[in-house]
Amino acid sequence: VHEQYGGEVQFVGIAGRDDVGAVNDFIAAYDVGGFTHAFDEDGSVWAAFGVTSQPTFAYVSADGSVDVQFGRQGEENLAERLDALVDAAAA
């Protein structure tokens with residue numbers, strides 16, 4: 001999905017409550033190094049978004065509104081959500 005939308009949507013992975021080595025291992029194992037990653041060592045970013053489990057997706061629109069979705073999203077659902085964000089930003 002990042003390959004398809006990376007030019008239109010900013011992707012950020014927020015890893016937390018683990019050590020940096022484990023985070024880097026995850027990035028390499030799942031081949032997600034093509035976008036920005038941040039390390040939320042104390043969990044404050046997760047707390048701000050209400051993240052209680054992984055995976056969690058926070059869709060932030062151009063107007064700053066946030067929609068947090070818990071659990072796997074699936075490629076089709078991600079594409080639909082990202083299409084909506086791109087369309088809203090273009091409007």
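## Contacts of Y5

In this predicted model, Y5 is in contact (heavy atoms within 4.5 Å) with F11, A79, L82, D83 and V86, leaving aside its neighbours within four places in sequence. Residues are numbered from 1 along each chain as its sequence is written. Local features need pLDDT of at least 70 and side-chain atom pairs count only at pLDDT 80 or more, while totals for chains, interfaces and linings use all residues, and side-chain values use heavy atoms, with hydrogens and water left out.

## Nonpolar core

Y5 also belongs to the largest nonpolar core, whose nine residues are Y5, V9, F11, Y59, L78, A79, L82, L85 and V86. Such a core is a set of buried Ala, Val, Leu, Ile, Met, Phe, Trp, Tyr and Cys residues joined through side-chain atoms within 4.5 Å. Helix α4 gives the most to this core, with five residues. Helices (H or I, at least four residues) and strands (E, at least two) are DSSP runs, numbered from the N terminus.

Buried means under 20% relative accessible area, exposed over 50%, and partly exposed in between (1.4 Å probe, protein chains only). In soluble globular proteins, nonpolar side chains tend to be buried together.

## Aromatic pairs

The whole structure holds three aromatic pairs. Rings of Phe, Tyr and Trp (its six-membered ring) pair if their centres lie within 6.5 Å; planes under 30 degrees apart count as stacked, over 60 as edge-to-face and the rest as tilted. One of the pairs is F11 with F35, tilted, at 5.8 Å centre to centre and 45° between the planes. This pair links distant parts of the chain, 24 residues apart: F11 is in the loop between α1 (2-5) and β1 (12-16), and F35 in the loop between α2 (20-29) and β2 (36-40). F35 is partly exposed, at 21%.

F57 and Y59 form a stacked pair, because their ring centres are 6.3 Å apart and their planes at 15°. F57 is partly exposed, with a relative accessible area of 25%.

R81 lies over the face of Y59, at 4.2 Å from the ring centre. The rule requires NZ of Lys or CZ of Arg within 6 Å of the ring centre and within 35 degrees of the ring normal.

R81 also forms a salt bridge with D67, the closest N and O atoms being 2.3 Å apart. With a salt bridge taken as a side-chain nitrogen of Lys or Arg within 4 Å of a carboxyl oxygen of Asp or Glu, the count comes to one. Both residues are partly exposed: D67 at 30% relative accessibility and R81 at 21%.
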